[in-house]
Amino acid sequence: MTAYSDNYMTKKIRVALAGNPNAGKSTIFNALTGAHQHVGNWPGKTVEKKSGSFKFAGYEMEVIDLPGAYSLSAYSPEEQIARDFIVQERPDVVVNVVDAANLERNLYLTAQILETGTPVIVVLNMMDVAQARGLPIDVDKFSQLLGGLPVIPTIASKGVGLDELRQTIASFAEKRGDAGQVFVTYEPDIEKEIEALAQAINEVPALNKAFLPRWLAVRLIEGEEDLVQMVKNTPGTERLQEVLSRSRQRLEEIYGEDVDVAIADGRYGFVRGLVRATQTRPPERRLTLSDKIDKITTNKWLGIPIFLALMYLVFQMVQNVSAPYLDWVDGVISGPITQWTLHALSAVGAPDWLISLATDGVIAGVGGVLVFVPGLLVMYFALAFLEDSGYLARAAFVMDRAMSALGMHGKSFIPMILSFGCNVPGIYATRTIESRSARILTGLLIPFMSCSARLPVYVIFGIAFFPAHAGRIIWSMYVIGIVVAVAVGWTLSRTLFKDAEQGAFVMELPPYRMPTLKGLLIHMWEHTSGFVRKAGTIILAVSIVLWFLLNMPWGVENPRDSYYGRISEAASPIFAPAGFDTWQATGSLITGFIAKEIVVSTMSQIYVGEEGEEAEAEPTSFVTDVKDIMVGFVGATISAGKELAEVLTPGITLFPAEEEEEEDQTALSRALQGAFTPISALAFLLFVLLYVPCVATVAAQVHEFGWRWALLSVALNLSIAWLAAVLVYQGGRLLVG
Ligand code: GDP
Ligand code: MG
């Protein structure tokens with residue numbers, strides 16, 4: 001719009017007053033403009049239009065009193081006028097008049113005005129009423145949370161604060177254009193679609209000039225009828241319309257018909273977070289159910305213990321519910337599937353090497369990883385439940401103070417929790433953090449969060465070396481990861497990130513919701529299928545390559561003499577101080593960089609293959625196998641159900657133990673017992689926990705933060721992992737003697 005430069009020359013500023021009905025807009029309008037008013041109608045509407053002007057500090061200010069509105073949706077003519085004026089006429093500044101005594105209700109509109117990207121001044125009017133009701137507001141914090149936006153407390157009916165408002169409008173006009181705008185961040189599913197749509201909008205010149213792409217994207221996803229129609233009537237929007245219908249389809253799969261409700265929830269979450277952080281509420285207020293639950297979950301003393309207990313429950317569930325299936329899947333893969341492949345291949349006369357490639361290479365490698373799918377399903381289901389129900393946002397809120405001690409914001413917490421599933425979505429989830437340095441710092445700490453790909457390694461080693469304490473060993477790996485992240489975060493925020501601006505942002509607190517089963521299943525499957533896809537692609541490829549490296553030059557007797565053995569052997573002395581300087585351990589760590597699950601699949605190939613063909617049981621028949629599988633599945637289902645019931649009723653023994661502990665040993669754990677001592681096993685586990693995240697994570701870091709930071713992250717991980725492993729091994733030897 002050209003008005004920008006013209007206005008600047010003549011020092012003319014257009015100010016729009018926006019707010020809920022009865023917030024005090026007209027009172028402010030009258031006080032500002034005095035007698036210089038003009039009353040007419042909005043073109044084509046019966047709604048009254050009042051405009052006026054005043055001079056201040058060398059500026060000619062034109063003020064437009066927009067009709068009172070609760071939102072900027074086109075529900076009513078008033079709201080549509082307010083919306084179109086702000087978005088299309090683009091006033092130099094919107095003065096958003098807020099009734100401070102009804103903060104939560106009024107701020108919904110504020111959230112929407114912020115989204116338009118127009119420069120905003122927030123006026124907290126009716127401060128006298130708010131004060132009288134015992135609802136004081138921390139104005140500085142309020143402004144800080146909105147990215148330093150001017151926030152002016154007023155009592156318009158008494159003229160209090162209006163001078164400051166005039167002053168602010170004038171000085172804001174001087175530096176307009178560089179308003180650091182704060183946006184509502186929606187749920188990750190929605191954000192993904194907003195981003196895709198905004199990009200498509202950006203490619204349409206007719207639209208990207210007229211609208212802030214993100215704003216239009218949100219409104220289109222919300223399904224704002226007249227805007228959808230407007231897009232349809234704009235030439236050159238075919239691709240955009242396609243992207244839109246696909247986005248809406250994907251979101252409908254998750255939210256059903258209620259995509260607009262989910263968006264509104266996002267804004268309410270923003271508002272609630274802002275209010276909770278800036279206004280002390282009197283005790284006698286009527287509380288909604290959400291408020292009542294919040295009183296407990298965000299309680300200063302109870303919040304963190306509740307969070308820790310919930311996470312403990314999640315991991316117990318993952319372990320207990322998935323353990324029986326783990327045995328079962330392992331049995332099916334190393335039993336019938338291997339057997340059948342063997343039979344089928346020899347029946348068609350396949351050469352020995354091909355049979356070995358298929359069974360020792362592909363099935364051992366990929367199967368060794370697929371064994372963990374049941375555990376992942378449980379884990380992702382539980383994480384999705386915590387996230388979709390709105391609980392994770394509370395956890396982040398509660399952790400805010402603890403996180404700020406690490407130089408981080410509470411918002412860093414959710415990416416870190418999500419990283420327990422997989423570091424890659426964790427890295428991308430840092431996008432919700434507004435400040436770049438806070439985002440990078442979080443991105444550097446994420447690799448220390450133990451992702452599910454590391455879980456197989458803990459399980460295998462835990463079972464092999466600490467059968468009585470496997471659960472505790474696994475749990476402590478997660479805790480150690482967190483402790484290391486805390487220590488590194490503490491150090492980095494006092495050194496490398498010392499000068500980073502400590503931005504404060506609103507923490508969205510969406511209303512609690514019963515997650516829909518469909519949404520949970522979609523999220524669970526999205527993540528697990530990523531894992532399965534990895535098994536079917538990268539891990540498959542690495543398994544095949546590895547098999548060749550292990551069997552070349554052709555005819556090697558001892559895998560140690562193979563190419564792979566020689567490379568690993570050459571690198572292994574690095575790990576001598578950590579107690580696992582064997583070529584096998586080194587080799588599996590090298591391939592583990594591709595994906596940490598591969599540590600296990602590599603070991604399955606190296607160690608189990610090494611153990612000899614002793615496990616070659618007598619061939620079984622197809623029918624007995626199928627029967628075994630069915631029986632195994634039913635048995636696993638029942639025992640999983642029992643264990644889940646036990647987990648959910650801590651302290652009560654529902655099912656007395658049946659003394660059937662015949663040790664959940666897989667072929668690999670047995671083989672490992674000969675290769676590691678408990679201390680070197682522990683050192684190895686620590687190394688696996690802390691060393692370089694997989695290539696996919698590094699790629700995500702490069703994508704989000706650039707090469708330099710990704711490299712720093714790799715170096716940081718390698719050195720910390722090595723130090724920790726050496727420390728544990730040497731310390732352990734001293735202790736044990
Ligand atoms: P509008 O609907 O936003 O234009 O609101 P008005 O300007 O018409 O104000 C609604 C009512 O609130 C009027 O009776 C005003 O006198 C009163 N009012 C406006 N500002 C304040 C204030 O800061 N404190 C108090 N106590 N009353 C106010
Ligand atoms: Mg009015």
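In the predicted model, strands β5 (residues 93-99) and β6 (residues 120-125) run parallel and are joined by six bridges. Within this pairing, Asn 96 has Val 122 of β6 as its bridge partner. Both strands belong to an open sheet of seven strands, arranged in the order β2-β3-β4-β1-β5-β6-β7 with mixed pairing. Strands β2 (37-41) and β7 form the edges, each pairing on one side only. From one strand to the next, the twist averages 25°.

Helix α4 (residues 103-115) lies across β1, β5 and β6 and runs at about 165° to β5.

The largest nonpolar core comprises 92 residues, and Phe 461, Phe 580, Met 603, Leu 672, Phe 676 and Phe 684 have the most contacts inside it. Helix α30 (residues 678-690) supplies the largest share of this core, 10 residues. Beyond its neighbours within four places in sequence, Phe 461 is in contact with residues including Met 603, Leu 672, Phe 676 and Phe 684. A second, separate core of 72 residues includes Ala 16, Ala 217, Ile 221 and Tyr 255.

The average pLDDT is 82, and 88% of the residues score at least 70. Among the elements, strand β7 (residues 151-153) has the highest mean pLDDT (96) and helix α1 (residues 3-10) the lowest (49). Values stay under 50 over residues 1-8 and over residues 657-663. Where pLDDT is low, predicted coordinates should not be read in detail.

Methods. Residues numbered from 1 in each chain as written. Chains lettered and ligands numbered in written order. Predicted model: local features only at pLDDT ≥ 70, side-chain atom pairs only at ≥ 80, totals over all residues. Heavy atoms only, no water. pLDDT = per-residue confidence, 0-100. Helix = DSSP H or I, 4+ residues; strand = E, 2+ residues; numbered from the N terminus. Contact = heavy atoms within 4.5 Å. Core = buried A, V, L, I, M, F, W, Y, C linked by side-chain atoms within 4.5 Å. Buried < 20%, exposed > 50% of the residue type's maximum accessible area, 1.4 Å probe, protein only. Pairing = 2+ DSSP bridges. Axes fitted to C-alpha atoms, helices over the stretch in contact; angles between N-to-C directions.
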